[in-house]
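Subject: Structure handover

Hello,

Please find the structure below.

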Amino acid sequence: MDYFDIIIIGAGHAGCEAALASSRMGAKTLLLTINLDHIAFMSCNPAVGGLGKGHLVREIDALGGEMGVNTDAAGIQFKVLNMKKGPAVRATRVQTDMARYAGRMKKRLEGQENLYIRQGVAEGLVVEGGAVSGVRTMFGERFRAGAVILTTGTFLKGLIHIGLKHFEAGRLGDIPSVGLSDNLHELGFEIGRLKTGTCPRLDGKTIDFSRMEPQESDDPPVPFSFMTKKVENPLVPCFLAYTNERTHDVIRGGFDRSPLFTGVIKGTGVRYCPSIEDKIVRFSERPRHHIFIEPQGLDTVEYYPNGLSTSLPLDIQMAMLRTIEGLENVEITRPGYGIEYDFAYPTQLYPTLETKLVKGLFFAGQINGTTGYEEAAAQGLMAGINAALKVHGGGEFVLARDEAYIGVLIDDLVTRGVDEPYRMFTSRAEHRLLLREDNADLRLTGRGRSIGVVDKARHDMVLEKQAKIETVFEMLRSVRIKPTKEMREILRDSGIGTITNPVTLEDLLKKPGVTLGELKRIDDRLAGIDDDVAYQVEVDVKYRCYTDRQIEMIGRTKKLEDKRIPAGLDYGEVSGLSREVVERLTRVRPFTLGQASRIPGVTPASITALMIHFKKMGML
């Protein structure tokens, strides 16, 4: 029986980040996957990022993760979304070459010190004395470990639906994991059922792109990773198409064979990414829905019609597609399908993503009820870090809601739970102006370095960036200009306006529409500032009153966030708590009073009752 510090089951986006994080931190790690050829496989769309999701990728990158670097290396179209809106909601989205993404990630894993990769199907966990001690495989192998991380994606009792036909699979072309799901149930975990889906793939040779609207990449492209200096791949367009009333009529004609509407599918689907058949029912007043025709890579003719996720019968899928302008003669290379799978309710986890029921066992990704590559990768990174810390006796690593979108994601999961697949949005973060994509490195890289998951080279780059930012701030605050005739002309010609009293360069930068670039005529020392440094300075100066307000708000709630709740507290002994609140607190077992305050149904009066109880016990 081989021994490892950590075993990770599943090599999707969560598993890859978990494996790299734990092995970088010195833990001997085994990555066990059903198919070595499908490591980091993009089961659904070929894109990474988007609103809220792009923030997660930048934070993964700032903590030394691989997703951002890998996306840049495989990216073939780059877009920064919401550029006309404020900096808090601007987000990066990148179309990737799917084969290159998976191939590069596999190579990166194979070259990682302390990391071992094996193909095998995990059949069950070995649990001794309430703690996980290893894994059993379908092939009769037994591996021992100090910690195990489950990143099983849609493979736990995965069931694929195409029309009224269904069959067991983890995804199209891969076998499911059945025994592991049964084992979790036997161990006492509360298991639920969710549903997601994907689109049919199209033969690009049969698409008339001239009848669609091209969507070009940003040029120059803005990379995801703070370490990427230049994007090397050729850039290609996506294409915009639309459904129409004929499309909708065809879809309605297949409802009698739809697993979604005939009750065959039991799992709860993704509200924010519905199938096309769900869309035309929920939004029946809309005459059309847009479809993005996305290339799956530079060396393939396959395209992904983003927006056409479906589990309808194949003949309806074909008829539906051929009603769309530009797709009249299209051929399908792979059918779209819906998939149901088991997940574990995430309120069974601590904020470290370790399970409360079995010590040393961690869950990450879709097993926790999330959807999306980015949400999975973020959880995988955090689970890998915390598993490594646990086996080495190094404590725990938890990000607060005011520190990172990753903190918002995990807190939402373990505190509020899920009743549908969870997807990240900027609106979920109450402190989103502080948690921008652009400052993720400044927020998190130092934290990552302190626990050994970030290398010295990356950390030194951030320290250098911080020093440059402080130098620019000092210059802006110290340089004062007077309202001389010559200066007023310079300001007028630069479009900055006029002044009547002496002001600093910082005062000028506060004016709407004024950038550092426009201040170069006043002080040529501003000419050589790096673009990322200039952006940080401008945002800080222009939004400082708002960020200061958020920082003040965080300070007011910090007392609750810092107050830890004893793990063994009997909530039934706390005077003033209703039976319902006692049940909710007992189920979630919050770490802190702050977390307790965010549990649905726990009222401010309940928090006051807890504080009074702690004071009586001498804990406050």
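Strand 3 and strand 5 (residues 91–96) pair in the antiparallel sense through three bridges. Within this pairing, Gly-49 stands opposite Arg-93 of strand 5. Strands here are DSSP runs of E with at least two residues, helices are runs of H or I with at least four, and both are numbered from the N terminus; two strands pair if DSSP finds at least two bridges between them.

The model is predicted, with local features needing pLDDT of at least 70 and side-chain atom pairs counting only at pLDDT 80 or more, while totals for chains, interfaces and linings use all residues. Residues are numbered from 1 along each chain as its sequence is written, and side-chain values use heavy atoms, leaving out hydrogens and water.

The sheet is open and has three strands in the order 3-5-4, with antiparallel pairing. Its edges are strand 3 (47–49) and strand 4 (75–81), each of which pairs on one side only.

Helix 2 (residues 53–62) packs against helix 11 (residues 440–451) at an angle of about 40°, and their axes are 8 Å apart. Axes are lines fitted to C-alpha atoms, for helices over the stretch in contact, and angles run from 0 to 180 degrees between N-to-C directions. Helix 2 is therefore oblique to helix 11 (under 35 degrees counts as roughly parallel, over 145 as roughly antiparallel, 65 to 115 as roughly perpendicular, the rest as oblique).

The contact (heavy atoms within 4.5 Å) involves Arg-58, Glu-59 and Ala-62 of helix 2, and Ala-440, Asp-441, Arg-443, Leu-444 and Thr-445 of helix 11.

Regards
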